[in-house]
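Visitor: Hi, I'm new to this one. Can you walk me through a few spots?
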Amino acid sequence: MTDFIRLEEERLAQRPAELPFSREEYAARLALLRARMAESGLDILLITSPDGMCWLHGYDARWYRSHSSTCFPPTHCTVVHVDHDRILLIEVAEHEQLVRLTSCVDDFRGIPETDLDGFTDLLAAELAARGWTRGTVGVERWSALPNPAGLAAIEAMLTTRGYGLADATTVIRRARRIKSAAEIAMIEHAQAACDAGITELHRQAYPGMTELEAWNTYMTGMIAAGGEPTAMHETIAVGPPMPMLHGVSTRRKIQRGDYFHADVAGAVHRYHARGTRPFFVGEPPPWFTDLAKVIAGAHDVLTATARPGLPFRDLHRALREYFAEAGVDGWAGGYELGVSLPPDWVGEFVWSSSDEDTEDVIEAGLVTNFESIAFLAMVDTVVFDRDGARLLSTLPREVMIVEVA
């Protein structure tokens, strides 16, 4: 038995990393991040957010100890120095093979103990061993990881040793904002999977199925098309977008005469695309189809207006004027999409048609969802590229009618 385990460990150690992007792509991200660090006056950056680590070097796990027993505190971070192109990953020793399989990190230190003192002692020793004993250290204070106890322990160790501290949350998030061609291709794949799931739900929906059964149908279609579970629960819910779409699917039955939304996403290698369509069980009333046409039309305003260099406030104004002319209280906007891990979407950039004063400008390479809401909702994924705004979904922007006998 011991020999078998040893041979199996050796076999696992020889497996190459299963990276979704080339090493050159990851090297370019590191160079970009170091440039952002220099602009912000950071000497060292401690990346603790799972999405930040995944973006930088690929590491992908499902347990980061964000809300675990105090016996299992979060004891991981990626260390980046502004003057060096070799990064360090500290993680629990039992995850070493997972790091090797999913990450391009070559410098790994496993922590055998599961206590914060052991983690901060190891981090201090590794910084000292590299001669990185002074300067300003950036930490992610807006990340869910480490938890408050973990962040306090890290900051106390750094302060005691004379380092300066700064919140660097937006430094890494800003570096991630503009997507490479390879990232956009991954998001396009995710959109195709999302569309396939909604199409499968439309094909199989019937009166009397529960929200959870509808969710399962969507997930089956999305996964069959190459997608993966996303950072948040993909909701199928009866009723208007708010508050129903911020809940989870339940065993509530979808009946004839009901309307519901598939408010979903698809992911590929943690890269996300979004989709939402309103469904009606039976023949929808005129008010329903009329509202659906209005929210669908906002997508045309987006593609006709947006272009690189245009202030977002001009796009916002065009959308507000469109809804006003349609005679509805509507809203449109979006938030940054890309790599995200549970429990939430992560991306710093947000835009909203109600924002009249923003100084943000449309940049080529920005990817967000596009939400158009006037009681009902339609959501797509938009790539702002050199030619303007490109919507990724191939689904029709209309009510998806569930036929009844």
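Visitor: Which residue does Arg-141 form a salt bridge with?

Guide: This is a predicted model. In it, Arg-141 pairs with Glu-155, and the closest N and O atoms are 2.8 Å apart.

Visitor: Is Glu-155 buried or exposed?

Guide: Glu-155 is buried, because its relative accessible area is 17% and the cut-off for buried is under 20%. Arg-141 is partly exposed at 40%.

Visitor: OK, and how many salt bridges does the structure hold?

Guide: There are 25. One of them joins Arg-29 to Glu-25, with 3.1 Å between the closest N and O atoms. Both residues sit in helix H2 (residues 23-40), 4 residues apart, or about one turn of the helix, and both are buried.

Visitor: Which residues are linked in a network of salt bridges?

Guide: Arg-86, Asp-107, Arg-109, Glu-126 and Arg-130. Within that group, Asp-107 and Arg-109 come to 2.7 Å at their closest N and O atoms. Asp-107 is buried at 7% relative accessibility, whereas Arg-109 is partly exposed at 31%.

Visitor: New topic: what does the side chain of His-76 reach?

Guide: The backbone oxygen of Thr-48, at 2.8 Å. His-76 is in the loop between helix H3 (50-57) and strand S2 (77-81), and at 3% relative accessibility it counts as buried.

Visitor: Last one: which residues form a negative surface patch?

Guide: Glu-113, Asp-115, Asp-117 and Asp-121. Asp-121 lies in helix H5 (residues 116-129) and is partly exposed, at 48% relative accessibility.

Technical notes: Residues are numbered from 1 along each chain as its sequence is written. This is a predicted model: local features need pLDDT of at least 70, side-chain atom pairs count only at pLDDT 80 or more; totals for chains, interfaces and linings use all residues. Side-chain values use heavy atoms; hydrogens and water are left out. Patches are made of residues with over 30% relative accessible area and no salt bridge: like charges are joined within 9 Å, nonpolar side chains (Val, Leu, Ile, Met, Phe, Trp, Tyr) within 5 Å. Accessible areas come from the Shrake-Rupley method with a 1.4 Å probe; for residues, only the protein chains shown count as cover. A salt bridge is a side-chain nitrogen of Lys or Arg within 4 Å of a carboxyl oxygen of Asp or Glu. Lys and Arg count as positive and Asp and Glu as negative; His and the chain ends are not counted. The place of a charge is taken as NZ of Lys, CZ of Arg, CG of Asp or CD of Glu. Helices (H or I, at least four residues) and strands (E, at least two) are DSSP runs, numbered from the N terminus. Buried means under 20% relative accessible area, exposed over 50%, partly exposed in between (1.4 Å probe, protein chains only). A polar contact is a pair of N or O atoms within 3.5 Å; within protein, one must be able to donate a hydrogen and the other to accept it, and residues adjacent in sequence count only if both atoms are side-chain atoms.
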